[in-house]
Amino acid sequence: MYLPEKFIHKMQMLLGSEFQLFLDSYDDERFQGLRVNTLKISVEDFKKISPFKLRQIPWCKNGFYFEEGQRPAKHPYYHAGLYYIQEPSAMAPVEILNPTPKDYVLDLCAAPGGKSVQIATKLMGEGVLVTNDINMNRVKALIKNIELFGVKNAVVTNERPEKIRKYFLSYFDKILVDAPCSGEGMFRKDSSMVKSWEKHDETYYAPIQKQILGNTDDMLKEGGRLLYSTCTFSPEENECIIKNFIDNHENFRIVDIPKNNGLSKGMPKWANGEENLERCARLWPHKIEGEGHFLALLEKDLEEKDNVVNFEKNSEVKLHKEFCEFVKENLNILLEGKFEIYSNNLYLAPKGLPILKGLKILRTGWFLGTFKKNRFEPSHALAMGLTFKDAKRTVNFHRDDPNVIKYLKGETLNISGEKGWTLICVDGFPLGWAKQTGNMLKNYYPPAWRWID
Ligand SMILES: C[S@@+](CC[C@H](N)C(=O)[O-])C[C@H]1O[C@@H](n2cnc3c(N)ncnc32)[C@H](O)[C@@H]1O
């Protein structure tokens, strides 16, 4: 494949005798992966129903390679949110950060959300995930993935890091900065990255990365952990960024990332010799079955005095009668917690949020639906966060039933049943809403998500 001369020359200087192996890896096949959504199905159960041949990705328990020619994005299970398709190395950062249930986690550069949904599966519905991206178009994809995965405890924002930091002083247990970068590690996966590298190389990205990372320090709790990752090789965007951060933040230290499963050490000599940079990790395409990545895990010391911030709950919203009726008529579960209404949209917010007035928020927890004239219309996100048993009326199709694709294409289904909102499922997993009237199921699958042949 075509690689820019300047890039080849630089990698040759950096890698010396290893360079030829590195270069040869560009002729190897690229690896493709999917990660099982354990909010909806266990890995064991997914393996039993998987239509794809799967092989374990060593650094991610829920992650599997699938073979070239298989098309998991064109399967009803994808529309049921049973997995996320993700480049295998990109599964490593969240595994290393390792959020646990009840953690408050920030994903600062999150779109399109591959790592956010991975964090959400680790939180198992507890704690809070604040997931942000500066680019509004990309935030739309982020919202789609959060909803498809059935994530209920995420707040989605579209803000600059310097604004977010003011709202969340000493709030987060874990922060992920999956920084925008020159993308050298993705050349094999996506050759268009070469073109964008020719426009913007490390000299463009390093100052942006420095600035983004520099805004995270006081959002982290004492003892909290921060993971910085890129999918590029250039030391200027990796070891040098971490060295600069550590030099300016005495209360942070680099935590050693175990060098197993093919992970290699960070390279101190590429950043003026700071020894502890060895504790970072590099994923090299000639050493693992995946693309190039860099990871640094940082921990904030415990001595620092915490800023005292009062994360008071907002006042409870008085629930409209239409929503209470909807729940009574259509669901077998009670929805309890902190409800919030923004421009007629009803949310069930995660517990423990600070007051967020002034931030550009697109989702604050589980989006349940919209109040329309004298009625409540359930959202697609509500359907995706329910299980088969949670709805009073369901229609469950086998994955090979032609009605599945008809439904995903937005067509009306000629099926009779009891009048009312009906949860359409594939093999027991919700796909979305339909409304039964007479002998027809009127389709409420979101137009923007429709199946295209
Ligand atoms: C490598 S991508 C993130 C990929 C994502 N973490 C995932 O796993 O799907 C980097 C993201 O950073 C965003 N970004 C760029 N500058 C930013 C900034 N100053 N603050 C927040 N996000 C930023 C870009 O819009 C882009 O979506």
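Predicted model: local features only at pLDDT ≥ 70, side-chain atom pairs only at ≥ 80, totals over all residues.
Leaving aside neighbours within four places in sequence, G113 is in contact with T131, A141, L142, N145 and I146. The glycine sits in the loop between β5 and α6. It is buried, because G113 has 28 C-beta neighbours inside 10 Å and 20 or more is the cut-off for that label.

Now step back along the chain to C109. This cysteine is placed in the loop between β5 (104-107) and α6 (114-123). C109 also counts as buried, because 22 C-beta neighbours fall inside 10 Å. Once residues up to four places away in sequence are set aside, C109 touches D133, V177, D178, A179, P180 and I212.

Why look at these two residues together? In the unreviewed UniProt entry, the annotation "binding site" covers C109, A110, A111, P112, G113, G114, K115, D133 and D178. These positions span 70 residues in sequence, but no two of their C-alpha atoms are more than 12.6 Å apart, so they gather at one spot. Two of the annotated residues, D133 and D178, are among the contacts of C109.

Finally, turn to C231, which the unreviewed UniProt entry covers with the annotation "active site". You will find C231 in the loop between β9 (220-230) and α11 (239-248). C231 is buried, because 25 other C-beta atoms lie within 10 Å. Not counting residues up to four places away in sequence, C231 touches C181, G183, G185 and M186, along with E291, G292 and H293.

Note on methods. Residues numbered from 1 in each chain as written. UniProt positions renumbered as here; feature names shortened; annotations may be inferred. Helix = DSSP H or I, 4+ residues; strand = E, 2+ residues; numbered from the N terminus. Buried ≥ 20, exposed ≤ 12 C-beta atoms within 10 Å, placed from the backbone. Contact = placed C-beta atoms within 7 Å.
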